[in-house]
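Hi,

Here is the model I promised to pass on.

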Amino acid sequence: MSEPTGKYSITMPRDIAEAAKARSGPSGLSAYVAAAVARQIERDNLNELITVAEAEHGPITDEEIGALRDQLHQARRQQTQGGANAA
């Protein structure tokens, strides 16, 4: 069952609207825009969480970010290798 929808009127630059319309595919422009807005809301929520966490624990250092990035890259490599080995 899908969520109830509403009809809204928005204004955006024509070039952005045309690019979105060209990329929207069979699901249509409304679905494309809704997905983009949903991603932005997720980012906004994450930024709010980061702000709260940094206020409580201090800012995240470049070294911490680098270490976490390395962990993520290693996990992705392991997933890729695991998927290749399973084939």
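Leaving aside neighbours within four places in sequence, which residues is Ser-24 in contact with? They are Leu-29 and Tyr-32, where contact means heavy atoms within 4.5 Å.

Before the rest, some housekeeping. This is a predicted model, in which local features need pLDDT of at least 70 and side-chain atom pairs count only at pLDDT 80 or more, while totals for chains, interfaces and linings use all residues. Residues are numbered from 1 along each chain as its sequence is written, and side-chain values use heavy atoms, with hydrogens and water left out.

Back to Ser-24. This serine sits in the loop between H1 and H2 (helices are DSSP runs of H or I, at least four residues, numbered from the N terminus). Ser-24 is buried, at 9% relative accessible area; buried means under 20%, exposed over 50% and partly exposed in between, with a 1.4 Å probe and protein chains only. A polar atom of the Ser-24 side chain also lies 2.9 Å from the backbone oxygen of Lys-21.

H1 itself (residues 14-23) is hardly covered: of its ten residues, the count of buried ones is one.

As for H2, its end C-alpha atoms are 42 Å apart, which agrees with the 42 Å that its 29 residues should span at 1.5 Å a residue (the expected span is 1.5 Å times one less than the number of residues). Gly-58 follows H2 and has a positive phi too, near 95°.

Now the largest pocket, which holds about 430 Å³ of space. A pocket here is an open set of points on a 1 Å grid over the protein atoms alone, where a 1.4 Å probe fits, with protein on both sides within 12 Å along at least five of seven lines; lining residues have an atom within 4 Å of a point. H2 (residues 29-57) gives the largest share of the lining, five residues. By type, the lining divides into eight nonpolar, three polar and one charged, with Gly counted as polar, Tyr, Ala and Met among the nonpolar, and Lys among the charged.

Two of the lining residues, Gly-6 and Lys-7, are worth a click. Gly-6 is in the segment before H1 and is partly exposed, at 44% relative accessible area. Lys-7 is in the segment before H1 as well, but counts as exposed at 85% relative accessibility. From Lys-7 to Arg-69 is 62 residues in sequence and 41 Å in space, C-alpha to C-alpha.

Cheers

Key:
Grid points are joined across faces, edges and corners, and a volume is the space filled by probe spheres set on the points. Helices (H or I, at least four residues) and strands (E, at least two) are DSSP runs, numbered from the N terminus. A polar contact is a pair of N or O atoms within 3.5 Å; within protein, one must be able to donate a hydrogen and the other to accept it, and residues adjacent in sequence count only if both atoms are side-chain atoms.
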